[in-house]
Amino acid sequence: MVRKHMWLTGVFAILVTATAWADSPLRVLIVDGQNNHQWKKTTPLLKSALEDAGCFQVDVATSPSSGQDMSSFTPKFQDYQVVVSNYNGDLWPEATRKAFQRFVETGGGFVCVHAADNAFPKWDEYNRMIGLGGWGGRNESSGPYVYLDKDEKLVRDDRQGPGGSHGARHEFQVIIRDTTHPITKGMPGAWLHTDDELYDSLRGPAENMKILGTAFSNKSGRHEPMIMTIDYGEGRVMHTAMGHHEPSMQCVGFITVLQRGTEWAATGKVTLPIPDDFPSADKSSARTD
Ligand code: ZN
């Protein structure tokens with residue numbers, strides 16, 4: 001009788017655990033609709049990468065196209081735990097901007113992918129959320145360049161000049177600079193990213209920003225931030241400068257940063273593991289099926 005009771009208790013515990021997991025996926029909203037990148041091809045990759053992790057339920061909010069009336073673009077941010085941006089385009093209506101700012105300020109998560117950091121050069125609060133951005137007329141008035149110099153020392157560089165640059169696409173090594181942060185904990189200290197655009201010379205307010213990973217740019221001669229976290233009010237932001245196109249998003253390193261960064265932005269914790277097919281210092285790894 002005692003044994004039977006224990007067996008039932010065990011089954012009950014498993015059922016409760018399974019039910020809790022199935023009933024409470026983390027709700028993710030991807031925003032897209034305008035981008036000078038191939039968002040119609042890359043949003044499905046972001047969505048499937050997140051869904052493959054098993055703990056996310058993903059919706060997509062697509063804005064009207066460039067130059068159209070944006071007043072109908074009012075995603076219900078508050079229905080989600082984290083927003084992932086694949087958007088680089090026209091300014092959102094004021095009500096949408098205010099709702100998004102309030103969402104992050106009051107504890108919502110935000111993940112900024114690659115050219116989403118080109119968006120909204122004049123929206124101050126957005127730039128405080130992403131820490132660093134590029135193009136769109138960004139310059140010394142946007143904030144300093146932030147990077148590690150050749151001696152790997154953190155520099156906030158106020159010199160004049162444009163924000164945002166890159167050379168030809170290539171594979172490059174990401175060096176982990178924070179081995180204790182939940183997103184990067186357990187990653188190899190260096191790993192080879194697949195073919196991508198290596199952003200350099202981003203600039204922005206960079207307040208409450210941590211640099212988790214960098215890549216050395218031959219163009220700028222600096223170790224450029226590739227993975228960053230920003231505290232914005234009660235909210236958590238993960239910004240990756242990687243992810244120009246499909247091959248760069250098929251990188252297992254990119255997928256893992258996206259999955260773990262999104263979980264962290266949503267909850268402040270990471271339970272997702274580093275996968276077995278993760279790249280090493282000299283060998284990239286891609287999921288192409
Ligand atoms: Zn790009």
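This is a predicted model: local features need pLDDT of at least 70, side-chain atom pairs count only at pLDDT 80 or more; totals for chains, interfaces and linings use all residues.
Local features are taken where pLDDT is at least 70, side-chain atom pairs count only at pLDDT 80 or more, and totals for chains, interfaces and linings use all residues. Residues are numbered from 1 along each chain as its sequence is written, and side-chain values use heavy atoms, leaving out hydrogens and water.

Helices (H or I, at least four residues) and strands (E, at least two) are DSSP runs, numbered from the N terminus.

Two strands pair if DSSP finds at least two bridges between them. Strand 3 (residues 82-85) runs parallel to strand 4 and is joined to it by 4 bridges, with Val-82 opposite Gly-109. Strand 4 is also joined by 5 bridges to strand 13 (residues 235-240), again in parallel; here Cys-112 stands opposite His-239.

Between strands 3 and 4 comes helix 3 (residues 94-105), and the three elements make a right-handed β-α-β unit. Right-handed means that, with the strands pointing away from the viewer, the path from the first strand over the helix to the second runs clockwise. Helix 3 has 12 residues and reaches 16 Å from its first C-alpha to its last, close to the 16 Å expected at 1.5 Å a residue, the expected span being 1.5 Å times one less than the number of residues.

Which residues of helix 3 are buried? They are Thr-96, Phe-100, Phe-103 and Val-104. Seen down the helix axis, the buried residues fall within an arc of 90°, so they line one face of helix 3; the arc is that of the directions from the axis to the C-beta atoms. Strand 3, strand 4, helix 4 (124-130), strand 12 (222-232) and strand 13 are among what covers these residues, with contact meaning heavy atoms within 4.5 Å. Just after helix 3, Gly-107 takes a positive phi of about 115°.

Strand 5 (residues 145-148) and strand 6 run antiparallel, joined by 4 bridges, and Tyr-145 stands opposite Asp-157. Their hairpin has 5 residues between the strands, and Glu-152 takes a positive phi near 65°. Strand 6 (residues 154-157) has a covered face, Val-155 and Asp-157, and an uncovered one, Leu-154 and Arg-156.

Conventions:
Buried means under 20% relative accessible area, exposed over 50%, partly exposed in between (1.4 Å probe, protein chains only).
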